[in-house]
Amino acid sequence: MFCALTLCELEPCLFGQCQLTATSYTCNCQAGYIGTTCDQKQRPCADNPCEGRGECVDKTDNTFLCRCHAWWEGHRCEHRMRHIPFKPLSERMLQEPFWLGLITVTVVLGIIGLVWCAKRHFPEKLEKLLAEEADRNRPSASQTPKHALELVVGCLPALFDQLGSSTSYHPNWHLFSVEW
């Protein structure tokens with residue numbers, strides 16, 4: 001029953017066309033497949049096309065892309081750079097992980113320091129501010145007009161006369177002390 005079948009009729013080529021030869025068969029593989037039966041997917045980066053000077057990335061269309069390391073350029077990173085492009089630090093700081101980390105750590109430490117100082121010194125500063133404000137709003141003897149005090153002291157003899165003869169006024173008595 002199997003006498004009339006050829007090797008190609010058994011379909012040995014998974015991703016390709018079978019072609020009979022005098023003693024066997026060969027497979028003509030589709031693009032992207034290799035092997036005697038076209039069973040292996042071709043990997044463009046398997047042969048190290050970037051020659052160790054870059055990172056090879058397989059693309060979906062069975063091609064590759066080399067991401068070259070520093071100092072190398074070209075499709076396969078085969079050319080050494082003769083002119084190194086200069087980027088100022090101000091541009092690199094927002095692209096390179098080291099600088100981003102350093103900036104982040106500095107900002108966080110700054111915020112922690114501000115919070116620490118505020119918690120440590122804020123109650124003292126607030127108490128001092130409130131005391132100064134209370135002192136500013138309290139009337140002092142220097143702010144009271146002199147003529148008002150003289151008026152009060154001048155009225156004392158008349159006040160004692162109205163209270164009666166049992167009370168007397170002595171000019172050396174001081175009801176309150178005033179600093180001039």
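Author: In this predicted model, a count of cysteine sulfur pairs within 2.5 Å gives 6 disulfides. With bonded cysteines counted along the protein chain, their pattern reads 1-3, 2-4, 5-6, 7-9, 8-10, 11-12.

One of these disulfides is formed by C8 and C18, whose sulfur atoms are 1.9 Å apart. The link of C8 and C18 is left-handed, with -70° about the S-S bond. Because C8 lies in the segment before β1 (16–20) while C18 belongs to strand β1 itself, this pair ties together parts that are 10 residues apart in sequence. C8 is buried, at a relative accessible area of 17%, whereas C18 is partly exposed, at 25% relative accessibility.

Another disulfide joins C13 to C27, with an S to S distance of 1.7 Å. The link of C13 and C27 is left-handed, with -85° about the S-S bond. C13 is placed in the segment before β1 and C27 in strand β2 (residues 25–29), so parts that are 14 residues apart in sequence are tied together by this pair. C13 and C27 are both buried.

A further disulfide connects C29 and C38, their sulfur atoms being 2.0 Å apart. The disulfide of C29 and C38 is left-handed, because the torsion about its S-S bond is about -95°. Here C29 is partly exposed, with a relative accessible area of 28%, while C38 is buried, with a relative accessible area of 0%.

Key:
Residues numbered from 1 in each chain as written. Predicted model: local features only at pLDDT ≥ 70, side-chain atom pairs only at ≥ 80, totals over all residues. Heavy atoms only, no water. Helix = DSSP H or I, 4+ residues; strand = E, 2+ residues; numbered from the N terminus. Buried < 20%, exposed > 50% of the residue type's maximum accessible area, 1.4 Å probe, protein only.
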